[in-house]
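Colleague: I would like to go through this model with you. Please put it up and we can start with how the chains meet.

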Amino acid sequence: MITAKLLGARGEMSVVLRIALLVVGVLLALGLPWYIYPPVAMDIAAWALFAVALDLLLGYTGLLSFGHAAFWGSSAYATGIIAIETGLPFYVAVLGGSLVAALLALPIALLSVRRTGIYFAMVTLAFAQLIFFIANQWRDVTGGENGLQGIPRNLFGLDLSDSFYFYYAALPLILLGLFVAWRVVRSPFGRVLVAIRENPARARALGYPVDRYKVQVFVISAFLAGVAGGVYAVGHGFASLQEVYWTTSGKVVVMNILGGMGTLWGPLLGAGIIVLLEDYLATAGIDAIGIVTGSIFVLTVLLFRRGIWGSVAYLVNSRRAGPVPVTPAETKPRSQPTERV
Amino acid sequence: MDGLLQQIFNGLVSGSFYALLALGLSVIFGMLGVVNFAHGAFYMLGAFGAFILLDSFGLSWWLALFVVPAVLGIVGMVLERTLVHRLVALDPLYNFLLTFGIALILQDLMRLRYGVQSQPFSRPELLDGSLNLGLFSYPKYQVFVLLFSIVISGLVWLVLTRTRVGMVVRAATERADLSQALGINVGRWVTPVFGFGIALAGLAGVLAAPMRAVNSSMGGDLIIVIFAVVVIGGLGSVFGSVTAGYVVGMLTAVGNFYLPALSQSLVFILMALVLLLRPAGLFGREEGVHA
């Protein structure tokens, strides 16, 4: 097997394979609007960054945030407001929106990390709903149910009204965000996150301030989700309540588990599949997105918990009969009296 | 003052729904370690069940009060046997995601069948009109809901604390391995308890049909509020969940009286406060036992 040869001794991908994947990925990102309707290509890129941002928490730290719509959505609103009110280049607006998302994430993270496991998911979901109600209530700023409309695509006087060109104008932001996520995962900081995921008690015993790490990665993740949400809002020209609703949080979670959490590539794949699927259903006039998304949840969780990317990596590795990389949480029995993911 | 009292009463009535739903959620969690995201969807199905029985079969609401929870309880048991059971040994996260998917499917199915418009449902005749409570008069139906939910919560509490079945369930909840070692067949109780929790959600739905809008999205937002309620009360504690249900209902109603702009947000702000001051919940124990 060629693919097997490309894998290193410990079941890790070799440098060659990784570079090959990277080249393919970048080429794919650059060519996307040529063979996919450009606005859909833009959606894929934005959701891909959003999904990877969540993967930092879900896949690498073992924290299921079920309220990430709060950060995607708050940045969408903040980006829109900055772009409308100041007319600054949208890069600045997106940066501002992402900072708002990160600032919002700080208190939410500080409170949420006080609970672990399944409680963490419930708490983040509840906080996101709080943000939703605030957005709904604060009509002067968010436009309430009408949403925030007429967000301009300003960038140094360039004409970006064509979505094809806007895609290329926004792509650097997305790629930069993905690069940051990759750097986080590959850094000593990222290794500590994995240690926290695998055994929080031991990580604590080794002297790592577990909660502080969790808060830090939560804020980074929220910032990146903010970049994605800001780009999405500028791309669509509006920000709506949908952006902060719990279904949006669920959607980014399904991208992660379908693609394979804790792999970075998996969530990208998941985002691509879900966005294309939604686009297909919408054009085909099939109004059943909840049934489809729900079924994907059920089937993935029951049949292949590693997700698509994780399953492929697992198959490739098991052919080599090497040590199998462990997916988060898969191996922990229920009776284990330690903290769980 | 009358206005405030009336608000408190309103709060207790909405607290009745919180309490019934939180009760089912925490019984299931205690026995299986599963947080059932589909709980709101079963509440919605309960309301639709009452609607369908009345609309298509002409069966009265009183009958629905017994039939619908029984049917949904069986559906719940089938769900536990066929799907939930497969994931119980894994991280609770997986069942959370599974039941989230089920909730999405159920909600979308009902939306496709009945649209987004609310279905009309009138109060049962016997409970129509209002009751003079001395200081103010109050709709009979709401009074009934409050009393009924208190009776049900009380009965469940009695069963759990005073009967042999309850003792077994509590033992299995607190120390599943130890109970097993002492010769108690823990596995036997898992499915019925799951079904019972679902039946409680269905019951809350039937109770909601005559006073809340019956539509496919009625459970989706409510379940998130219930999550906040059980975080406040402590999910592991049945007593705590129920009490938190009434307390949260009351506090949000009172808050609503003084700060109407915050009405929907208050429960989440309350949750933030509890996390800050008493992370395990008002009645919860520290995590780790079966969290």
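This is a predicted model: local features need pLDDT of at least 70, side-chain atom pairs count only at pLDDT 80 or more; totals for chains, interfaces and linings use all residues.

Colleague: How many residues of chain A are in contact with chain B?

Modeller: Residues are numbered from 1 along each chain as its sequence is written, with chains lettered from A and ligands numbered from 1 in the order in which they are written. Contact requires C-beta atoms, placed from the backbone, within 7 Å. On chain B 41 residues take part, and on chain A the number is 42.

Colleague: Which element gives the most to the side of chain A that touches chain B?

Modeller: Helices here are DSSP runs (H or I, at least four residues), numbered from the N terminus. Those giving two or more residues to this side are α6 (117–137), α12 (246–259) and α14 (289–303) of chain A. With 14 residues, the element that gives the most is α6(A).

Colleague: How far apart are the end C-alpha atoms of helix α8 of chain A?

Modeller: The expected span is 1.5 Å times one less than the number of residues. For the 24 residues of α8 (residues 163–186) of chain A that should be 34 Å, and the model agrees, at 33 Å.

Colleague: Where does α8(A) bend?

Modeller: The bend is the angle between axes fitted to the seven residues ending at a residue and the seven starting there. A proline, P172(A), follows within four residues of the site, and the bend of about 35 degrees is at A170(A).

Conventions: Two residues are in contact if their C-beta atoms, placed from the backbone, lie within 7 Å.
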